Number of protein chains: 2
Amino acid sequence: MRIYLDCLPCFVRQSLDAVRRITVDNSLQIDILRMLFAEMSKIDLNQSPPLMGQAIHRIVRKVTGVTDAYIEIKNRCNQAGKKFLPKLEELIAQSQNPFETSVRLAIAGNIIDFGVNSDMTEADIEKAIERTMKFDFGNNINEFKEAITQANNILYIADNTGENFFDKVLLEQLPMKKITYAVRGKPILNDMLTEDAEIAGIDKLVRVIDNGNDAPGTILEQCSERFKDEFNKADLIIAKGQGNYETLSGVDKDIFFMLKAKCPVIAKHIGCEIGTPVLLRQKQNVLID
Amino acid sequence: MRIYLDCLPCFVRQSLDAVRRITVDNSLQIDILRMLFAEMSKIDLNQSPPLMGQAIHRIVRKVTGVTDAYIEIKNRCNQAGKKFLPKLEELIAQSQNPFETSVRLAIAGNIIDFGVNSDMTEADIEKAIERTMKFDFGNNINEFKEAITQANNILYIADNTGENFFDKVLLEQLPMKKITYAVRGKPILNDMLTEDAEIAGIDKLVRVIDNGNDAPGTILEQCSERFKDEFNKADLIIAKGQGNYETLSGVDKDIFFMLKAKCPVIAKHIGCEIGTPVLLRQKQNVLID
């Protein structure tokens with residue numbers, strides 16, 4: 001998915017959020033923002049939005065020397081995710097269809113996203129769970145189950161910290177030997193890193209790799225050889241979140257996207273209402289974008 | 001008032017609105033936006049926000065050759081204003097305090113602003129009138145009346161097209177011989193020009209001048225000598241709208257600002273809630289900023 005004009009004010013808003021998070025020095029803040037505007041003056045709309053997000057945060061890191069501005073937020077997200085885990089496990093234990101319930105919960109977990117909404121609360125997570133448990137996904141969950149049964153190598157590409165606990169309960173319902181779980185290679189926003197997967201104990205369930213990259217999505221040409229090998233080898237991709245949708249829709253693979261459509265541009269691209277939980281298949285040779 | 005960091009996403013949103021209004025050619029749109037970002041990469045936060053607005057729209061005009069992108073909107077605003085005129089006149093005719101009512105209506109008229117809200121409707125204007133008629137301005141309206149009585153030369157600096165009809169009913173309650181009514185010198189957003197003052201018949205009531213400039217506010221050093229003479233000569237300024245507040249708060253003059261606080265940055269600067277109607281005096285030698 002390419003950059004749309006409506007992404008531009010949002011890039012500036014995100015940049016502002018990032019610089020404010022890192023420094024209260026007003027003159028440093030504006031220095032960084034000036035550099036970001038210079039970067040945006042070279043913007044190519046055929047790129048995917050996370051490439052711009054990556055550029056923004058590279059500048060912020062370079063100027064401030066702060067490599068992980070979202071570490072405190074990630075700690076809070078991990079705490080929130082952990083707090084919800086017993087509830088998630090209970091919902092699955094009580095469910096007549098544990099697989100379906102775990103899919104719904106994994107999608108609900110994608111509400112946790114500080115790139116889009118830095119004011120998210122636990123009540124918002126509660127609401128997202130409630131809504132996603134009732135949402136009509138049509139036949140998509142059955143189709144997802146069937147695709148998993150038929151696949152031999154599944155690459156599960158994670159998104160945000162906090163979701164790790166929601167992904168965990170889904171992974172427990174999947175054929176874990178087939179699955180590799182991939183996180184980002186370097187800090188970017190509140191995206192999950194290897195240590196976050198470990199905090200939720202995901203490394204005890206499945207093989208965890210990182211993609212070697214610092215984009216808030218999966219820009220294949222920038223990823224490590226190891227990640228690319230896993231991606232190419234996989235006959236099914238599970239891609240969580242907007243960043244992975246933005247970078248992988250249009251890539252010729254069998255992909256199930258699981259996300260909450262949090263931004264109007266993405267919702268329009270998918271063809272759904274903003275705020276909708278999404279389970280969307282992009283079949284190989286049948287591209288979305 | 002200087003540029004705040006929160007103005008930056010709004011500049012981009014305004015730019016986007018302007019380029020979309022002028023052309024549907026996506027590659028031209030992004031060319032203009034790239035130039036705007038280059039301009040913003042040199043931004044000086046000590047400038048007032050309308051200086052950036054001016055720069056944005058100068059680029060848009062230069063690239064597209066369209067000198068007045070808001071002409072249709074201004075026509076609509078004039079039509080809306082004209083439609084409301086009988087109602088405004090009726091409210092004043094029925095009022096026990098026609099002066100006070102006309103002041104309230106002139107403030108309510110400042111809701112008409114496509115720089116801030118391009119989706120404004122007639123129902124919004126109705127609501128603004130209703131709210132402003134009931135709003136508690138404390139003793140400010142009496143103080144305003146007293147200042148007008150004492151002044152010898154009053155410069156009334158206009159803001160948006162559509163407001164001309166709301167200003168007209170106030171002007172009719174004022175000592176018109178003392179008053180000069182000033183509009184912008186060149187097209188900028190939906191700001192009023194001489195022809196708009198004339199459409200409302202304001203030139204039949206008071207002397208109308210323009211400021212010779214294309215900023216969405218009053219950047220004194222850029223204004224014509226004639227405007228500056230009038231400004232210096234005036235012992236009381238009536239300044240309508242946010243753009244005039246942004247550029248004149250901090251200028252050492254006796255000024256009554258009349259506006260609706262439509263943006264969070266300005267509301268915070270004034271110390272009021274967003275959406276509030278404002279009648280605020282900045283006395284000479286007692287600066288706001």
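Biologist: Where in chain B does B:Leu189 lie?

Modeller: B:Leu189 lies in the loop between S2 and H9 of chain B. This is a predicted model, in which local features need pLDDT of at least 70, side-chain atom pairs count only at pLDDT 80 or more, and totals for chains, interfaces and linings use all residues. Residues are numbered from 1 along each chain as its sequence is written, while chains are lettered from A and ligands numbered from 1 in the order in which they are written. The labels H and S stand for DSSP runs, numbered from the N terminus: helices (H or I) of at least four residues and strands (E) of at least two.

Biologist: Why is B:Leu189 called buried?

Modeller: B:Leu189 has 27 other C-beta atoms within 10 Å. A residue counts as buried with 20 or more other C-beta atoms within 10 Å of its own, exposed with 12 or fewer and partly exposed in between, the C-beta atoms being placed from the backbone. So B:Leu189 qualifies as buried.

Biologist: Which residues is B:Asn152 in contact with, leaving aside its neighbours within four places in sequence?

Modeller: B:Asn152 is in contact with B:Lys178 and B:Asp235, where contact requires C-beta atoms, placed from the backbone, within 7 Å.

Biologist: What makes S2(B) and S3(B) a pair?

Modeller: Strand S2 (residues 179-183) and strand S3 (residues 207-210) of chain B run parallel and are joined by 4 bridges. Pairing needs at least two bridges found by DSSP, so these strands pass. One of the bridges has B:Ala182 and B:Ile209 as partners. Right-handed here means that, with the strands pointing away from the viewer, the path from the first strand over the helix to the second runs clockwise.

Biologist: Why is S5(A) described as mostly covered?

Modeller: In strand S5 (residues 255-260) of chain A, 6 of its 6 residues are buried. One side carries A:Ile255, A:Phe257 and A:Leu259, the other A:Phe256, A:Met258 and A:Lys260.

Biologist: Which strands of chain A does S5(A) pair with?

Modeller: Strand S4 (residues 236-240) runs parallel to S5(A) with 4 bridges, and A:Ala239 stands opposite A:Phe257. Strand S6 (residues 277-282) pairs with S5(A) in the antiparallel sense over 6 bridges, with A:Leu279 opposite A:Met258. S4(A), helix H11 (residues 241-248) and S5(A) of chain A form a right-handed β-α-β unit.

Biologist: How many residues of H11(B) are buried?

Modeller: For helix H11 (residues 241-248) of chain B the count is 8 of its 8 residues. They pack against helix H3 (49-64), S1, strand S4 (236-240), strand S5 (255-260) and helix H12 (264-270) of chain B. After H11(B) comes B:Gly250, with a positive phi near 100°.

Biologist: How many residues of each chain are in contact with the other chain?

Modeller: 16 residues of chain A are in contact with 16 residues of chain B. On the chain A side, helix H1 (7-22) and helix H2 (26-40) are the elements giving two or more residues, and H2(A) gives the most, with 7.

Biologist: How do you know what symmetry relates the chains?

Modeller: A rotation of 180° with 0.0 Å of shift along its axis superposes chain A on chain B, with RMSD 0.0 Å, using least squares on the C-alpha atoms of residues with pLDDT of at least 70 in both. That is the relation of a two-fold axis.

Biologist: Why do you say the copies meet through the same surface?

Modeller: Because 100% of the interface residues of chain A are also interface residues in chain B.

How values were computed: Contact = placed C-beta atoms within 7 Å.
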